[in-house]
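Q: I am new to this structure and would like to learn how to read it. Could you walk me through it, feature by feature?

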Amino acid sequence: MAGAEDRVPQIEQSLSEYLGSRPSLKYVFFGGKGGVGKTVMAGATALQLARHGKRTMLASTNPVHSLSGLLDQDVYGKAVPVTGVSNLWAYEIDTKDNIERAKQDIKQKIRWFLKFAEISAQADAFVESATMNPAFEESAMFEEMVDLMFRNEYDAYVFDTAPTANARRLLGMSKVYSLWVNKMLKSREEARSLRELLSFTKKKEADPLMDYLVSFRERIGQARDLLTDKERTAFFFVTLPEALPIAVIKRFIQWFRDFGIPVGGVVVNMLIQKDQVRADSPEFVRNRVAMQDAYMKEIWRDFDGAVRAVIPLFDDEVRGVSGLARVLPYAFAGER
Ligand SMILES: Nc1ncnc2c1ncn2[C@@H]1O[C@H](COP(=O)(O)OP(=O)(O)OP(=O)(O)O)[C@@H](O)[C@H]1O
Ligand SMILES: [Mg+2]
């Protein structure tokens, strides 16, 4: 009798079944280690949704954008209809303007605060130190992404995210932000009441910093509501049948679960097709197949029931809409 070990592992719920079972799913994210096929999977999924009649936005939050390259169209900094595909727009989010705006905004607030605290110092030095660090760009990217989601101009959004931990930070930041903002608000309130106590006039002073923190907390709260909503949001992780990409997404999945962000499942990419390999194929190829075999066992075992698609390694890179169309029968098997 065949034991559990001998059973041929198979996909329990495919990507199309997953999407089909969640009609209100609207925000789809792809993450994973560098170079595993996040952009390709995001592109293919967006194409699939567009072909099903959903007005779809394919957006990149990876500062090293590659949608323009993939589609052979300039989509940097603006939403552009994808040539030859109805219902599909692509957009590489540009943070430059946002960072400039945020700098001006912060400068004003710091000036106000320095005046309020009766400190004589130039705001500019503070602004430079606050805005020169990479976290500031990440935060600007997060804001742009959330803005795009809130504007609600499309039926579906597919996000091609950055490979590093910053994808998780972008989303996890919402939790940290609210904790931080709450602390800030508390100390602002204390400072204000002390000041009011010490001043002769009893009238309430305007406090732009406080107003900003309150509205910021509200926005972050709304973003968290969206990002943690199982009906509307799903984060998919792309891996190769190799040690490092698997290790990366295991960590990601754990983090995302901890943050309460819905994990849609795992896509395995670049699996060498066994029917293309014979006993007399080059040793190099046979070795890689054996390596992938071992990692596929690990994948089926450890991602238990969460594998949504297995995409073969093609004999060419995936470029253009035609390249994406080649991925569809595997990504959305049983559909067309
Ligand atoms: N199944 C596949 N078969 C053959 N080539 C593939 C496959 N999937 C992706 N590629 C190619 O591999 C390269 C990496 O894919 P992609 O750009 O989608 O990865 P990524 O995870 O977005 O990378 P980055 O981390 O740099 O953003 C691209 O050249 C792409 O065309
Ligand atoms: Mg990419």
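Q: How many strands does the open sheet have, and what is their order?
A: Two strands pair if DSSP finds at least two bridges between them, and strands (E, at least two residues) and helices (H or I, at least four) are DSSP runs numbered from the N terminus. Here, in a predicted model, 8 strands form an open sheet in the order 3-4-2-5-1-6-7-8, and the pairing is mixed. Strand 3 (80-81) and strand 8 (307-312) are at the edges with a single partner strand each, so one side of each has no neighbour in the sheet.

Q: Before we go on, what should I know about the numbering and the model?
A: Residues are numbered from 1 along each chain as its sequence is written, while chains are lettered from A and ligands numbered from 1 in the order in which they are written. As this is a predicted model, local features need pLDDT of at least 70 and side-chain atom pairs count only at pLDDT 80 or more, whereas totals for chains, interfaces and linings use all residues.

Q: Which strands does strand 1 join, and in what sense?
A: Strand 1 runs parallel to strand 5 (residues 156-160), joined by 4 bridges, and pairs with strand 6 in the parallel sense over 5 bridges. Take Phe30 as a guide: its bridge partner in strand 5 is Asp160, and in strand 6 Phe30 stands opposite Phe236. Further along, strand 6 (residues 233-239) and strand 7 are also parallel, over 5 bridges, with Thr239 having Val268 of strand 7 as its bridge partner.

Q: Is strand 1 mostly covered or uncovered?
A: A residue is buried if 20 or more other C-beta atoms, placed from the backbone, lie within 10 Å of its own. In strand 1 (residues 27-31), 5 of 5 residues are buried. Tyr27, Phe29 and Gly31 cover one side, with Val28 and Phe30 on the other.

Q: How do I read the span of helix 6?
A: The expected span is 1.5 Å times one less than the number of residues. Helix 6 (residues 134-151) has 18 residues and reaches 26 Å from first C-alpha to last, close to the 26 Å expected. Its buried residues include Phe142 and Leu148. Just after helix 6, Asn152 has a positive phi of about 55 degrees.

Q: Which residues are closest to ligand 1?
A: A residue is near a molecule if its C-beta atom, placed from the backbone, lies within 6 Å of it. Ligand 1 is surrounded by 18 residues, the closest being Gly34, Lys38, Thr39, Val40 and Glu317. Helix 2 gives the most to this shell, with 3 residues.

Terms used. Buried ≥ 20, exposed ≤ 12 C-beta atoms within 10 Å, placed from the backbone.
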